[in-house]
Amino acid sequence: MSPQENAENMSRRDELEALLPFYLNGTLDGADLAAVEEWLATDPAAMAALEEAEAELSGASAANDAIR
């Protein structure tokens, strides 16, 4: 894989990771939803990213609840 291809793949992965919070809260739809679901189904590293996003979301929820 060339450095340019590697950079493009990392950039796309970054984009997909940025969509994970929206995937988790159910607000993702259309092409973005399809892209995230395909990524989760085909890339083992995607599941680790999803678990990390779930932990971050859970932590943020807990912090918000504590403030209330």
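Residues are numbered from 1 along each chain as its sequence is written, and side-chain values use heavy atoms, with hydrogens and water left out. Since the model is predicted, local features need pLDDT of at least 70 and side-chain atom pairs count only at pLDDT 80 or more, while totals for chains, interfaces and linings use all residues.

Take a salt bridge as a side-chain nitrogen of Lys or Arg within 4 Å of a carboxyl oxygen of Asp or Glu; the count is then two. One links Arg12 and Glu15, at 2.9 Å from N to O. These two sit three residues apart in helix α1 (residues 3-24), about one helical turn; helices are DSSP runs of H or I, at least four residues, numbered from the N terminus. Glu15 has 41% relative accessibility and Arg12 38%, so both are partly exposed (between buried, under 20% relative accessible area, and exposed, over 50%; 1.4 Å probe, protein chains only). The other bridge joins Arg13 to Glu17, with the closest N and O atoms 2.8 Å apart. Here the spacing is four residues in α1, again about one helical turn. Arg13 is partly exposed at 26%, as is Glu17 at 28%.

Helix α2 (residues 30-42) has 13 residues and reaches 19 Å from first C-alpha to last, close to the expected 18 Å (1.5 Å times one less than the number of residues). Ala35, Val36, Trp39 and Leu40 are its buried residues. Down the axis they fall within an arc of 130°, so they line one face of α2 (the arc is taken over directions from the helix axis to the C-beta atoms). Turned away from that buried side are the exposed Ala31, Glu38, Ala41 and Thr42.
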